[in-house]
Amino acid sequence: MDGFIAPWAGSHNALNSYGDDHRELRTPIAAALTRRRVEAMTPVIESIVQDVLDGLDGVGAQRKVDLVQSYALLIPHEVITRLLGVPAEHLPAFSAAAAGLFDTSAGAEEVTRSMGAVLALLEQLVSGAREHPGDNLVGDLVRAADASGNPLSDAALRDQLMLIIVGTEATAHAIGTLLVHLLSHPDQLDLVTSGQVPMEDALTESLRPPIASVPLRFAAWEFEDARSGEQFGEGEPILIAGADLHPERYEDPERFDVRREGGSRSLAFGYGPHVCPGADLATREIVIAVTRFLERYPHARLALAPEPLEQTASFISNGYTSIAVELS
């Protein structure tokens, strides 16, 4: 339990719980992330995206940018601070600590520092919402938790908000990855920008494979995987990193195909009781961010082929550390 896994497994949130505990913890966060809240955030997301795009317009004659640092990361981080009501002065430290939670190459002390910084700020937000619940996600979460038959403690509410932080980093990577997929497949890009295929379908295809190991799954009994011959003992943790690349599920699974049938059954947002409660919000952010970028820069192209792009140092989320793009 030392190192990276400890703080994730130790958090008492709906991600790591099952049965009655899971239902009790999940209900308030699901009630707070309602369709009404997502609809209310849509014009805010549009405004944030336009502001970030305006910033890209100012890069000058070079017209080359890093899509990760200059675009994909900025949007979900700004959305989450608006959604949670994070004070502006805490934004840089909050963003850095949130990013540190996903560096699976980090040592135990680094991960503990990142987790501590994020949890400290979330504790402040929950405590403030207890006294003055505002019209934001934290206020909605406090009201939903207090309305339940078994109100959650401040610590439990704080840990539920950690789920939103998880979604922030994953959303940023999804924006960058979808743009890489489309810019490196001009025929697929044309299908989307011409309106023949919805951007939502392109996103579903781009999300294969999903976040790999959150939450952990465990073998209910000892068994042998028929395909690989791998042996699993009872209670052994299992990662599902390749689930959406299985050749028996998808024909030619490594091919990017926005018209792929059955893509909506992807595991990218989870499955069953553990389906992501923030899926609608994340989808809205990604679709708006990628659509508006392609509208603003219809001739943008990757400065490098996808193959040399460096992947993030994480076995949890899939994404790129840097994406060099020529805007025109």
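The buried residues of helix α8, which spans residues 137-147, are Leu137, Val138, Gly139, Asp140, Leu141, Val142 and Ala145, where buried means under 20% relative accessible area, against over 50% for exposed and partly exposed in between, with a 1.4 Å probe and protein chains only. This is a predicted model, in which local features need pLDDT of at least 70 and side-chain atom pairs count only at pLDDT 80 or more, while totals for chains, interfaces and linings use all residues. Residues are numbered from 1 along each chain as its sequence is written, and side-chain values use heavy atoms, with hydrogens and water left out.

**Helix α8 and its surroundings**

- The elements that cover the buried residues of α8 include α2 (19-32), α3 (35-57), α5 (74-84), α7 (108-131) and α9 (154-183); helices (H or I, at least four residues) and strands (E, at least two) are DSSP runs, numbered from the N terminus.
- At the start of α8, Asn136 places a side-chain oxygen within 3.2 Å of the backbone nitrogen of Val138.

**Arg208 in its loop**

- Arg208 belongs to the loop between α11 (199-206) and β2 (217-218), and Arg208 is buried, its relative accessible area being 8%.
- The side chains of Arg208 and Glu205 are joined by a polar contact of 2.8 Å, a term for a pair of N or O atoms within 3.5 Å in which, within protein, one must be able to donate a hydrogen and the other to accept it, and for which residues adjacent in sequence count only if both atoms are side-chain atoms.
- Leaving aside residues up to four places away in sequence, Arg208 touches Asp244, Leu245, Tyr250, Pro253, Arg255, Arg260 and Ser266, with contact meaning heavy atoms within 4.5 Å.
- The charged end of Arg208 sits over the ring of Tyr250, 4.7 Å from its centre; this requires NZ of Lys or CZ of Arg within 6 Å of the ring centre and within 35 degrees of the ring normal.

**Aromatic pairs**

- Rings of Phe, Tyr and Trp (its six-membered ring) pair if their centres lie within 6.5 Å, and planes under 30 degrees apart count as stacked, over 60 as edge-to-face and the rest as tilted; by this rule there are three aromatic pairs.
- Tyr71 and Phe293 form a tilted pair, 5.4 Å centre to centre with 50 degrees between the planes, and this pair links distant parts of the chain, with Tyr71 in helix α4 (residues 67-72) and Phe293 in helix α12 (residues 279-296), 222 residues apart.
- Phe293 also forms a tilted pair with Tyr297, at 5.3 Å centre to centre and 55 degrees between the planes.
- Tyr71, Phe293 and Tyr297 make up one aromatic cluster; Phe293 is buried with a relative accessible area of 0%, and Tyr297 is buried at 5%.
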